[in-house]
Each structure stands twice: as C-alpha cells, then as structure tokens.
Amino acid sequence: MVTNPPSSPTRLTRMADKAVTDLAALHALLDDVLLGHVAVLVDGHPVAFPTAVARDGDRLLVHGSTGSSWLRALSAGAPASVTVTAMDAVVVARASFESSFHYRSAVLFGRFTALDGDEKERALDVLVDRILPGRSAELRRPTKRELAATLILALPITEWSLKVSERWPDDLPEDVDGPTWAGIVPLRRGYGDPVPAPDLRAGIPVPPSVRALSD
C-alpha cells in the first residue's frame, strides 16, 4: 500500500476520520471520473474551471485551447488545485440533519507543465481514450495546426487529499425508534443509445468505441 502523508494543504481539518491516504484509492477515483475543476489565480482573480481530466500513470492530464487564459497561466507554472468528486449514493436519514451522500472526493495540488512533441500527441491519445476507450485508433492523426492550437498539461500526482464517505445514516436513537424509513439509494451512471450527427453520411456504422459505451 502506497500512502500519502498529510501536509499543511492536504490535512483534513473537518471529518478527518473520512480521510483516505491509499494511493490506489485515489487512482481508482481518478479512473472513475471524467470531469474535474481546476482552480487557479488568473489576473489576480480566483477562478475554477470544469474540464476533462485523465490519469496517465502518476500524473493528471488536462487540455484545451492555447487561447485560454487559465490554461496559459497553468502552463506558465501558476500554483493550482484540481478537485474531482464521484457521487455514489444518497443517504436517506430519518432527519434532514443527518441526510447526505456517499461520495469520494479528492483535491490535488501542484503546478502543471506543458507537454510537447511526441509526448504531447501521446497524451492527447490518453485523453481521447479516457472518454471513449479505443477511439484514438479510429480517428485520423491530429494535424500540426491542431496540435499547435492545443495545450496539453500534466500535473504530478504527489500532493493530494482524499475524503470518502460511505456510512449508513447516523440517526438519533429516538429517530431510529420512530416510523420513518432510512437507508441508502445507489446512484447509477450510464449511457443511452448513440444519436448520429445530422450530417453523417449514410452507411457509416457506429464504431466499436461508441457501441461499447451503451452495451
């Protein structure tokens, strides 16, 4: 088991008993989510941007346009944090005060670096395949112009905190003795049937990467 010892920015000060320091648990969360929120100072203002994220070994990848001010700030070495959360269930308690969720939530801290050359193109494949496994092999290769217009940034997964809540309702004894139902309701995630683009030429089948999402 590889663990993450708490430091000043990663130490949980509230509900610290929900802290998880197992790196494998963090990897599992990062491999289970597609969306993260990157927080950074841009022109002196704190901002948080939702963006696709993908774990690539011991680093986290994000990408976007070279025209993006927040991505340029990250590529210049601005300190940042990335928050990712998975909601797993609704905790239905007997009192509103005790109602909550089952969740896994992590915050990663550090500085991004911009990738270039072959490493940049490989990282773009990782991002594409994270959203649609196997999709990069079905597509043409990106052009030099497309690559030049895209920033691919990597954040080392070295400083982070992870909180996991997976408990049953913690109701008062008098509420437990009452007539109100309590328990959990798991949240299910899935994909619907693919919808072809209006300009898709006739006879082009749904590719394996897309079919696999809805199977």
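The model is predicted, so a word on terms: local features need pLDDT of at least 70, side-chain atom pairs count only at pLDDT 80 or more, and totals for chains, interfaces and linings use all residues. Residues are numbered from 1 along each chain as its sequence is written, and side-chain values use heavy atoms, with hydrogens and water left out.

The whole chain to begin with. It has six helices and ten strands; these are DSSP runs, H or I of at least four residues for helices and E of at least two for strands, numbered from the N terminus. The C-alpha atoms fill a box of roughly 65 × 50 × 35 Å along the principal axes. Of the contacts with a separation of 6 or more, 73% join residues 24 or more positions apart, a contact being heavy atoms within 4.5 Å.

Now the sheet. Four strands form an open sheet in the order β3-β4-β8-β7, with antiparallel pairing; two strands pair if DSSP finds at least two bridges between them. β3 (54-56) and β7 (113-114) are the edges, and each has a single partner strand, so one side of each has no neighbour in the sheet. Strand β4, residues 59-65, pairs with β8, residues 150-156, over seven bridges. Which residue is the bridge partner of leucine 60 in β8? That is leucine 155.

Last, helix α3, residues 117-131. Helix α3 lies across β3, β4 and β8 and runs at about 95° to β4. For that angle, axes are lines fitted to C-alpha atoms, for helices over the stretch in contact, and angles run from 0 to 180 degrees between N-to-C directions.
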